[in-house]
Amino acid sequence: MTNEPIVKVEGLTKTFGNLKAVDGVTFEIMEGEIFGFLGPNGAGKTTTISMLTTLLRATSGKAEVNGLDIHKHPNEVRRRVGVVPQEYTADEDLTGLQNIILCADLYGIPRSNSKAHAMELLKLVELEDAADRKVSTYSGGMRRRLELASGLINYPKLLFLDEPTLGLDVQTRTAVWNYIRMLKESYGMTLFLTTHYLEEADSLCDRIAIIDHGHIVKVGTPSELKASIGGDVIVVGVAESGPDISADIAKIPLVKDVKKSDHEYRIKSEVGEESSIKVIDLVRSKGLHVTKISLTKPTLDEAYLEFTGKSIREEEVGKMDAFKQRVTMMRARR
Amino acid sequence: MTEDIARSTVTAQEQAVEERKERDAERAFRAAPKLDKSPIHGLWALTNRDLVKWYKNPVQLIISLVQPVVWLGLFGKAFNISGLVSGNLPPAALNAINLGTFGTTSYFSYLGAGMLAFIILFTAAFSGMSVVWDRRFGFMNKAMSTPVGRGAIVTAKVLQSVVRSLIQAAIVLVIAVVLGMDTANFSLMTIGGSFVMLFLMSFGLSSLFVMLALRSSDWQTQMAIINLLNLPLLFASNAMLPVKTMPSWLQSVVGYNPVSYAVDGVRQLLLGSGSSSAAAAGYQVLAPLWVDFSVLTGFAAVLSVLGIVLSWRLLSK
C-alpha cells in the first residue's frame, strides 16, 4: 500500500429537496487499500458512490478521483474507474459474454481486444461455462459475479462496489470476498465498497468509515474502531470477598477501567490477552482464589451501534428505489 | 497414511486452481488497449443491443403486425364505398368517385398508405417504453456509468425504433399488396421516396416519445402518455379518412399533424394521388410533395436535436 490518496473528497454534499442525503463528507482513499463505507440504510452510501462515479451531480463540495476533478472531467473519471452498482444491470435477454462485450463497446474498447478480455474476466469469476447462456438463466450469485466482471472491463485501477453481497447466500458471498481480496492483493487495485453487513466490513476492509445521516461519524481500521469503544472485557471471579483490589488492578498497564461487583471484577483493557495474565497473578498474590475468568473481544457490531445508535431506520424510500431493491433481492435469491 | 496422501492431493489441486485463477487475472489486467473514442462506436453498440433483443424475439414482431393487418384486412375491406353505391352507377362513374375522394382506385389502397404511417406511429410511441424499462432494470445506470455520450444513449433508442418501424412498414406494405393494394404507380423511386418520408416521420416521432420518457421510470405514466397522443395523432390525420369530409376545425388540426404530411407524401408517391387526373376528379393533396418533404425534415431535425439537448440535462439527476 502506497500512501498516495487515489480519492480525495472534501465537503461533498447532496441535497434532494429538503433532505440532505450526504452532508459535507470529507475523506481520502489511499492507493491499494480496501476502503469501506459502513452505515445503515439511507445513510448516504449509494449517493456518495453515485457522486464519485459522476452519476449524480454533487450539490456542493469537491472530489478528485484518480487525480481528476469529478465536476470538470466527468467523462475521464468514468473512463478510469470501474463500477459495480447495487442492482443487477445486465441485460437479461443477452448472454453473459454479450453483456460484457457491450460494456466494453461503451468504453470504446475495440472488439479485437474486448472479446478476449471479456472471456478472461468471465474465467476470473468462474463463469466461462455460462458465457453463452442468457443472463435470465443465471442464479443470483452468477449475476453478481457477472456484474463484477463487467465492472472490470475497462482495466480500472479503482473499483467502486455498492453493496456487493446484498442478498447473496454464504457460499457466493465468500466467493465474492475472495475475488475482492484477489483484486487487491494480486493487482494492487484500490476498492471502495459500501455495505451494511458488519462482518463484511470487518473481514475485507483495511479502513472503514462509519456513515450515518449523511455524516461520517468515524474513520479507522476495524481494530481501531473496536478499540475505540473501550477495548476487551475481562471478567474475573474470586472465591471469597477479600479486600477490594480494584485500585491495584487499575495500575496494570493497558487496563483502562475496573468495576467490582460482589465476587467479580469487570476489567476493560486495550489488549485483553496481556492484561488477563497480569490480573490473575495479581489476584493470586493477594491471596485470593480465581474461580473463573472470561475474555471478550468487542465486535464491530458494538462499535457500530455505539456510533450510529440503536434506532431502527424507517427512512422513506423512493418508489423507484424500493422497486429496484426488490428486483435485486428477488433475482439474487434465485 | 493414505489419508495424508489424499489430503495433500486435495491441497495440490486447490493450489493449481488458485494458480490458474491468478494467471487468468494476470492476463485480464495486462496493459489496456487503445480506445476508440468516436461517438459512433457506443451509439452502434447500444442500437445493436436493442435490435438483437428485437429480432431474437419474433413474437413481438408478429404481435405488432396484427393491428395494422386487422385494420387493413377487416376495416379496409369492409368499408366498401363501391359496394354502397355500385348498384346504380356505371363503373366509370364509380372510378371517378373513388379517384376524387381517395386519389386512387379504391379505399383499400388509400388505407394501405395510411397503415404504413400507422405502424410507424405505434412503433415510435413505444420507443419510450424501452427507456423506462432500461431505467427500471438498471441497464440505464450501467450505461450512464460508462463514458458513452448521453446523446448517444438517447439517439440509440431513437435509431432502434426507426429501424424497427421501417422494417415493419415494409412488411405491412407487402401484406397490403398481397391483399389487393393498387401497384400501378410502384417503382424503385416511389417506394424509395416513400420510405424516406416514413424514415423522417419515424425519426421525429421516436425522438418525441423517447424525450417524453427520459425522466420517467414509471411505465403506467408512459402508457398513459402513449394513449393520450397516439389516437389523436392517428385520427386527426388523413391516415384513415379523407380530409375533405372532416369538419373545418378538424381539417386545420390535420394541417398541423406531421403524420398527415408523411401519409400525403406516401400517397402521392405510391398511389399517384397528386396526379392531374386525380386533381381533375376533385381530389386535393394536403401539400405539394416538396412541402411534405420539407415539413417532415424540419420535424425530424428539430425533435432529434431537442432530444439530444434534453438528454444532457435530464438523464443525470
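This is a predicted model: local features need pLDDT of at least 70, side-chain atom pairs count only at pLDDT 80 or more; totals for chains, interfaces and linings use all residues.
## The six-stranded sheet

Chain A also contains an open sheet of six strands, in the order 6-7-8-3-9-10 and with mixed pairing. Its edges are strand 6 (81-84) and strand 10 (215-220) of chain A, each of which pairs on one side only, and the twist from one strand to the next averages 15°. Strands of a sheet pair through backbone hydrogen bonds, either parallel or antiparallel. The parallel sense is found between strand 3 (residues 34-38) and strand 9 (residues 207-212) of chain A, which pair over four bridges, and Leu38(A) stands opposite Ile210(A) in strand 9 of chain A.

Helix 1 (residues 45-52) of chain A packs on this sheet, where it touches strand 3, strand 7 (158-162), strand 8 (190-195) and strand 9 of chain A, and its direction makes about 150° with that of strand 7 of chain A. Helix 5 (residues 140-151) of chain A packs on the sheet as well, touching strand 6 and strand 7 of chain A, with a direction that makes about 165° with that of strand 6 of chain A.

## Helix 11 and its buried side

The buried residues of helix 11 (residues 300-308) of chain A are Leu300(A), Ala303(A) and Tyr304(A). Because these residues cover an arc of only 100° around the axis, they lie on the same side of helix 11 of chain A. An α-helix has 3.6 residues a turn, so residues three or four places apart point the same way.

The cover over the buried residues of helix 11 of chain A includes strand 3, helix 7 (198-204), strand 9 and helix 8 (222-228) of chain A. Just after helix 11 of chain A comes Gly309(A), which takes a positive phi of about 80°.

## Domains of chain A

The domain assignment divides chain A into domain 1 (5-225 + 307-332) and domain 2 (230-297). The C-alpha centres of domain 1 and domain 2 of chain A lie 45 Å apart.

## Contact with chain B

Between the two chains, 36 residues of chain A are in contact with 33 residues of chain B. On the side of chain A that touches chain B, the elements giving two or more residues are helix 2 (74-80), helix 3 (96-106), helix 4 (111-124), helix 6 (170-187) and helix 12 (319-332) of chain A, and the largest share, six residues, comes from helix 4 of chain A. By residue class, this side of chain A divides into 19 nonpolar, seven polar and ten charged residues.

Key
Residues are numbered from 1 along each chain as its sequence is written. Chains are lettered from A and ligands numbered from 1 in the order in which they are written. Two strands pair if DSSP finds at least two bridges between them. Axes are lines fitted to C-alpha atoms, for helices over the stretch in contact, and angles run from 0 to 180 degrees between N-to-C directions. Two residues are in contact if their C-beta atoms, placed from the backbone, lie within 7 Å. Ala, Val, Leu, Ile, Met, Phe, Trp, Tyr, Cys and Pro count as nonpolar, Asp, Glu, Lys and Arg as charged, and the others, Gly among them, as polar. Domain bounds come from an automatic or database domain assignment. A residue is buried if 20 or more other C-beta atoms lie within 10 Å of its own, exposed if 12 or fewer, and partly exposed in between; C-beta atoms are placed from the backbone. The arc is that of the directions from the helix axis to the C-beta atoms.
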